[in-house]
Amino acid sequence: MGYFQDEDNFYENLIKDYDSKLDTDGLSGQRLARRLAVLSHIGETENGGVNRPGFSQEEKQAKEFVMDWMNEAGLEVSVDGAGNVFGRLDGLKNVSPIISGSHLDSVPDGGSFDGPLGVLAALEVVEAWKTKGYTPEKPFEIAIFSDEEGARFKSGLMGSRAFMGQVKEEELTDYVDEQGHTFTEVIEEYGSDMEQYLDYEFKRKAIDMFIELHIEQGEVLEEENQPVGIVTGIAGPAWLEVNFKGEAGHAGNTPMVGRKDSLVAAAMLVKKIEELPKKVSDTAVATVGKLNVIPNGSNVIPGEVNLIVDVRDIHEETRDELLGIIEQEAKIIAETKELDVDMIHNSTIKPLPIEKKFQQELAEILKKHQIKPVYIPSGAGHDSMILGTKVPVAMLFVRSKDGISHHPDEWSSLSDCIQGVHVLKDYIEKQMETKE
Ligand SMILES: [Zn+2]
């Protein structure tokens, strides 16, 4: 383990209050902590966070560490054209596999649990089976999906969407990262190419089920004082790219009257968006987190601004209604300010309700572990939302400290993580018994 040092603060912080009585049934808190620590140092930032954009060398390196562990655990490892990694364990029967996993990329200066915990939890299940000499009925695969967060291009879930055949070539042509690299260049540097990226993998027949364990990224479990909870559905995000085109000009020589300042228009829209979600539903949210000012000079009136509005709800109708209202507002602002606006819908994803049957089965397992079942809708998008368009999906949340995520302070206690793995393992074993 190249990155693991004897005195590793991340590891020490995880292990210091771990309840080692949870090391039953072949699971090891120490092993999980070491692996989380190793990954926490790949792309580590000075704030103690991680920076592993999708299709970066850091994301690749994190995958390589996990691939080594998969090999050591006796899994058959493969990588598809989108860089998605699969570690397969054959079952007693040659039927379609159960898959569990998540992602290893991060947002800029993100945390070390969002993604890695789901991948390492699935691997911990295999380690436990190995210890106990258990061979599952059905094949089992651990999946690492590429670029879930979408920190690099305008759209996330680039691995799972490719896996499910949901990316069209036209969508990729205008993707450029902050360094000016096109998607074609990035995917080639990563070791694949467009043809392989688009040659989707789902044609490998059916998948029995996909199960994802993920940190909650909210405070419900903390309020309920439970380590693990059941996800009821995932709010589908829709990204609306808005481009305001005004006129650049000298900040000193251009009079205030008659200016076509794109940033003023963008600011008006951002302000307006804050009050719109509550008009459509209690669960809808909308955010502008990315704004690109052109030419971005201190003494130049911004000629062009593009921004991305992230709109979410667990109900598709109200989410789309909100999108429509925002588009309308952008047009009104452009008219008032006498500049041009065009809008593009990027990555509109259907919200995914999770089957009641799976939620009930998970509740039974939680009770067996003396955990009160808590039901939580996910505001954040996940790879399971994409898999869920064609494959039965279940999802578990592990308690997040203070509900913080996408931040260096993101934290889940090792005891909570291992309790999550216990539930995941029992649930996968239960699904192994069910008929196709
Ligand atoms: Zn995630």
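This is a predicted model: local features need pLDDT of at least 70, side-chain atom pairs count only at pLDDT 80 or more; totals for chains, interfaces and linings use all residues.
Visitor: Let's start with the metal. Which residues coordinate the zinc ion?
Guide: His103 and His214 each use NE2, and Asp114 uses OD, at 2.0 to 2.1 Å.

Visitor: How are those donor residues spaced in sequence?
Guide: The pattern reads H-x10-D-x99-H. Asp114 and His214 are 100 residues apart, so to speak a link between distant parts of the chain. Asp114 sits in the loop between strand 3 (98–103) and helix 4 (116–132), while His214 belongs to strand 5 (residues 209–215).

Visitor: Are Asp114 and His214 buried or exposed?
Guide: Both are buried.

Visitor: OK, switching to pockets. What volume does the largest pocket have?
Guide: About 1,400 Å³. Its lining takes in 49 residues, and Val107, Glu149, Trp239, Asp310 and His406 lie nearest the centre.

Visitor: Which elements give two or more residues to that lining?
Guide: Helix 7 (183–189), plus strand 7 (236–245), strand 9 (285–294), strand 11 (304–313) and strand 14 (375–378).

Visitor: And how does the lining of the largest pocket split by class?
Guide: You get 17 nonpolar, 20 polar and 12 charged residues.

Visitor: What about the second largest pocket, what's its volume?
Guide: That one comes to about 370 Å³. It is lined by 14 residues, with Lys154, Val176, Lys290, Asn292 and Asn306 closest to the centre. Strand 9 and strand 11 are the elements that give two or more residues to this lining.

Visitor: How many charged residues are in the lining of the second largest pocket?
Guide: Seven, alongside five nonpolar and two polar.

Technical notes
Residues are numbered from 1 along each chain as its sequence is written. Side-chain values use heavy atoms; hydrogens and water are left out. Donors are N, O and S atoms within 2.8 Å of the metal (3.2 Å for Na, K and Ca); water is not among the atoms, so sites may look incomplete. Helices (H or I, at least four residues) and strands (E, at least two) are DSSP runs, numbered from the N terminus. Buried means under 20% relative accessible area, exposed over 50%, partly exposed in between (1.4 Å probe, protein chains only). On a 1 Å grid over the protein atoms alone, a cavity is a set of points where a 1.4 Å probe fits but cannot get out, and a pocket is an open set with protein on both sides within 12 Å along at least five of seven lines; lining residues have an atom within 4 Å of a point. Grid points are joined across faces, edges and corners, and a volume is the space filled by probe spheres set on the points. Ala, Val, Leu, Ile, Met, Phe, Trp, Tyr, Cys and Pro count as nonpolar, Asp, Glu, Lys and Arg as charged, and the others, Gly among them, as polar.
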